[in-house]
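Thanks for coming. Please look at the sequence and the model on the screen, and I will walk through a few places in it.

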Amino acid sequence: MAREANRRSEPITAELGWIVALVAMIAAGAAGAALWAGALVNPEVQRMGTTNPFTIGYAFLTGRMTPSAGQIALTTGLFAIAAAFVALVVIAWRRHARSRTRVDYKSRYMAQSSDLARFYEPAARKDAERLRATEAGTGVTLGADARTGKSLYASYEWVQIWLMGPRAGKTSCVCVPQILETNGPVLATSNKRDIVDMTRGPRSERGVVWVHDVQGIIGEAPDWWWDPLSFVVDMETAEKLTAVFQSAAESANASQDAYFNSAGRETLARLFLAAALDGRPITDVFRWANNPDEKGDDPAAILISRGQIAQGQALGETQGLTAKQRDGVYGTLRPWISLLGNPKVLPWITDAGRGRPHFDPYRFVTSTDTLYLISAEGGGSARAITAALTMAVLEAAERVGASHPGGRLQTPLLGVLDEAANVCRWRELPDKYSHYGSRGIILSTFFQSWQQGVEAFGETGMGKLWSAANVRVVGSGLSEDKYLSFVSQAIGDFDTVKRSRSAQHRGTSITTSIQRERIFDVSDLTALPGGRAVMVATQTPAALLRLVHVSERPYAAAVKTSQDYYEQRAARRAHATREAHR
């Protein structure tokens, strides 16, 4: 095991001499025992009629007896066995040392086996039985205890938050195992194809696989669709959908005009409600927002005709504002729904008479299907749609779970929200997080940094996510002093023995004292090696995790087959597209 570059080992103390002496005594005793056991098969020793090792040894030393062939063979065999045993121990130790990192020694100051007992497989299985969630599996896999190597599982009523930088093993060590080791419905988000390619094959054996690829990141065709307006049934749900579209378009810390932002949200919610109640496609909302003077198709009149008189009158008043005021209101909301005018988006959110299946969140949460939501930040981002679909699924899971025994889904829904800040900016998520576990909605939310979460959910929202999570994990690749200082304090300190030696004219004196040291300081956390993470779980001391790569899992071959197949399929489709455009 490598030592940290800026650390020195403890100075050699008086105990080392005693340890060396003890080892030497044990080795001498073992050698003497082997010689004595070999001597017992010597016929001359047998005729002596004694087994006293000192008498036998004295007889050989004085030449009164000579070693026999059998004695030599047995003694040599015993020494060979001992040498082989020592060699195996050395080889095993060296292999173990190579698999360890420079921070693994810190685990002895952290959570012990007794502290982590409820994360081990036997306790996890009992907990799944208690929650009637055995059909889903043992629990949500986390990794392995760095001290013992035992697998760790989170309960099916615990939600998680993971902070891991790029190339820290998030996909191959955490996301993929969590997706494949559950048998219930899975909602997975990402901004690239690897998670989908690695898990799609095995998950297709359990249920239908739905891939939502509005931006064409993985080249998936829109062979199904989902209407965001299917979520809207009243003004409350219309306001929730509006909030998602606004959150997707703006940073949580963006400066806002109090009047126009408020009026913009109310107006867009009323436009959503009018289109939903009248059974219209969501593209009509885009048309209304960009042409409020259009004659003969008045969303305010639609609301009034559908019994939403107050909302219709309020929308009519907004439409009757002065030109400058009205342009300010509509100009505020237009950027939130600009993607509704993108031709690449429309096949995913409108039917257009093609007869494709329409995704039903309520049916999904009671199935064993898998839903992948793919979106990348930047121009053409589809995160408003992916966030809206995430919200629709989680709201459906909450309502369906409320009707089941215990108020939770019979088979838990697992949500692996990778790149949550980019794919599912739903501002209500921090407020919902604390009770999702009790509803059988198990979320693992991943961020590349604390600041990434702050940008998406605000400082308060990110703080809520962290506090509400039952399992909080910090991986490698992070470098934020403020946040890591807090994590360092949460991990805690340990007692270390310090000795100082001083020389005086009367002799040398040694002083021993106990001092407190931080287990992981900020520099340790910023330099955390890949494959290691620190877990701070509810009512549990901090623990050091070994992240188990998917190649070490029983389903490694299935993952490799799936990845190869879908990568090759994507390459063929890309080639065909290039040929078609020549």
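Where is the place of Ser476? Ser476 sits in the loop between β9 (471–474) and α20 (481–491). Helices (H or I, at least four residues) and strands (E, at least two) are DSSP runs, numbered from the N terminus.

Two notes on the source. This is a predicted model, where local features need pLDDT of at least 70 and side-chain atom pairs count only at pLDDT 80 or more, while totals for chains, interfaces and linings use all residues. Residues are numbered from 1 along each chain as its sequence is written, and side-chain values use heavy atoms, with hydrogens and water left out.

Is Ser476 buried or exposed? Ser476 is buried, because its relative accessible area is 6%. Buried means under 20% relative accessible area, exposed over 50%, and partly exposed in between, with a 1.4 Å probe and protein chains only. Not counting residues up to four places away in sequence, Ser476 touches Met164, Gly165, Ala168, Leu528, Pro529, Gly530 and Arg532. Contact here means heavy atoms within 4.5 Å.

Now the chain as a whole. The chain has 22 helices and 13 strands. Of its 582 residues, 48% count as buried. Among contacts between residues at least 6 apart in sequence, 73% join residues at least 24 apart.

Next, another loop residue. Thr350 is found between α14 (346–349) and α15 (361–364). Thr350 counts as buried because its relative accessibility is 14%. A polar atom of the Thr350 side chain lies 2.6 Å from the backbone oxygen of Leu346. Leaving aside neighbours within four places in sequence, Thr350 is in contact with Trp225, Pro281, Thr283 and Arg356.

Last, the rings. How many aromatic pairs does the structure hold? The structure holds 15 aromatic pairs. Rings of Phe, Tyr and Trp (its six-membered ring) pair if their centres lie within 6.5 Å; planes under 30 degrees apart count as stacked, over 60 as edge-to-face and the rest as tilted. Trp466 and Tyr483 form an edge-to-face pair, 5.6 Å centre to centre with 90° between the planes. This pair links distant parts of the chain, with Trp466 in helix α19 (residues 450–468) and Tyr483 in helix α20, 17 residues apart. Trp466 also forms an edge-to-face pair with Phe486, at 6.3 Å centre to centre and 70° between the planes. Trp466 counts as buried because its relative accessibility is 7%, whereas Phe486 is partly exposed, with a relative accessible area of 44%.

Definitions and conventions:
A polar contact is a pair of N or O atoms within 3.5 Å; within protein, one must be able to donate a hydrogen and the other to accept it, and residues adjacent in sequence count only if both atoms are side-chain atoms.
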